[in-house]
Structures are given as structure tokens and as C-alpha cells.
Amino acid sequence: MQASDKIIKFIAKREGFVAKAMRPLPNDRWTVGYGSTFIDGRPVGPNDTMTQEQAMEQLKKNVEAIALPLSHLCPPGITQNQFDAIVSLCYNIGLQRFIVSVTGKKFIAGSNVSDRLPMFNKSNGVEIAGLTKRRLAEKLIYDARDYGNVG
């Protein structure tokens with residue numbers, strides 16, 4: 001299974017484009033483009049920059065790097081929108097973190113994890129409004145195939 005163009009647009013919109021590297025939250029890693037934390041295998045640093053075209057190419061590579069291994073872990077009967085919602089979550093929290101989480105284990109086992117998505121809305125134990133909003137949007141994708149206004 002592959003990530004849809006809709007989810008790539010959704011992630012781009014939710015991440016927002018930044019040309020010069022920044023830290024979204026004080027304890028976060030450096031990011032550039034559409035939330036990329038690595039460029040060509042190396043961590044993003046404070047002086048890294050990216051054009052919007054480069055950022056979109058990097059986003060597609062990053063999404064593919066999540067979607068490919070995730071597709072091998074998906075339970076039978078998974079829908080495109082459910083897969084996409086999990087890809088978006090993994091893009092934000094990391095594939096490995098998802099796989100080892102209770103939610104990831106339940107997903108892989110074939111359970112509906114829709115109600116668990118909003119739980120991933122904290123940074124260092126503090127609820128982040130933007131993450132709460134994103135998780136609710138991912139839940140809508142998972143449940144109702146509602147990608148919102150993705151452009």
C-alpha cells in the first residue's frame with residue numbers, strides 16, 4: 001500500500017513550509033521544509049535551507065520511507081484512508097515510536113485505533129493545541145475519509 005497524494009498534501013499543509021531550519025518547540029529537533037528532520041541521511045542543522053520545490057521532494061521521500069515498511073505491517077482489510085491517517089501520525093511522531101506503542105501494536109493486530117489517535121498530542125507531557133488539532137484531523141481521515149481542505 002502507498003500513501004495517497006491527498007495525505008501528502010495534508011501533511012504539507014499541517015507541517016507548513018519553512019525555508020530556513022527551525023525548532024517547532026524548544027526541545028524539538030531542527031526541521032526544514034515540511035517538517036523534515038533529515039536531509040540526505042544527515043540531521044537538519046540550524047543553517048540548513050530548502051526551497052519549496054526541494055521541500056516537496058523531500059516530503060515525498062520521507063512519506064515513502066514511512067509508507068513502505070508500514071505497508072508490510074498493516075492488517076488485512078485496511079482502507080486507504082486508515083493507512084493514510086497512520087502515515088500522517090508516523091510522519092509526526094516517528095514510525096518506530098508508533099510501532100512500539102500500544103496503539104501501534106493494536107493497529108498491527110487489526111484493531112480499530114481511531115479513538116487512540118488523539119492521545120498523541122503532547123510534547124514532554126504537555127498538551128500542544130496544534131497537535132490536538134492535527135490528531136483530530138487524522139481521526140477524521142481514519143474514520144470518515146475526510147481529508148479536509150487539502151488544497
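Modeller: Keep in mind that this is a predicted model. The axes of helix 1 (residues 5-15) and helix 3 (residues 80-93) come within 10 Å and cross at roughly 35°.

Biologist: Is that crossing left-handed or right-handed?

Modeller: Right-handed, for helix 1 passing helix 3.

Biologist: Which residues meet there?

Modeller: From helix 1, Ile-7, Phe-10, Ile-11 and Glu-15; from helix 3, Asp-84, Ser-88, Tyr-91 and Asn-92. Sorted by class, that contact between helix 1 and helix 3 has four nonpolar, two polar and two charged residues.

Biologist: Now pockets. What volume does the largest pocket have?

Modeller: About 1,100 Å³. Its lining has 41 residues, and nearest the centre lie Glu-15, Thr-37, Tyr-91, Asn-92 and Ile-93. The lining splits into 15 nonpolar, 15 polar and 11 charged residues.

Biologist: And the second largest pocket, what is its volume?

Modeller: About 170 Å³. Helix 2 (residues 52-71) gives the largest share of the lining, six residues. Among the lining residues are Met-1, Ile-8, Lys-60 and Leu-68. By class, the lining of this second largest pocket has six nonpolar, two polar and two charged residues.

Biologist: What is Ala-21 in contact with, leaving aside neighbours within four places in sequence?

Modeller: Trp-30, Thr-31, Val-32, Val-44, Gly-45, Pro-46 and Asp-48.

Key
Residues are numbered from 1 along each chain as its sequence is written. This is a predicted model: local features need pLDDT of at least 70, side-chain atom pairs count only at pLDDT 80 or more; totals for chains, interfaces and linings use all residues. Side-chain values use heavy atoms; hydrogens and water are left out. Axes are lines fitted to C-alpha atoms, for helices over the stretch in contact, and angles run from 0 to 180 degrees between N-to-C directions. Helices (H or I, at least four residues) and strands (E, at least two) are DSSP runs, numbered from the N terminus. A crossing is left-handed if the near helix is turned anticlockwise from the far one by less than a right angle, and right-handed if clockwise. Contact means heavy atoms within 4.5 Å. Ala, Val, Leu, Ile, Met, Phe, Trp, Tyr, Cys and Pro count as nonpolar, Asp, Glu, Lys and Arg as charged, and the others, Gly among them, as polar. On a 1 Å grid over the protein atoms alone, a cavity is a set of points where a 1.4 Å probe fits but cannot get out, and a pocket is an open set with protein on both sides within 12 Å along at least five of seven lines; lining residues have an atom within 4 Å of a point. Grid points are joined across faces, edges and corners, and a volume is the space filled by probe spheres set on the points.
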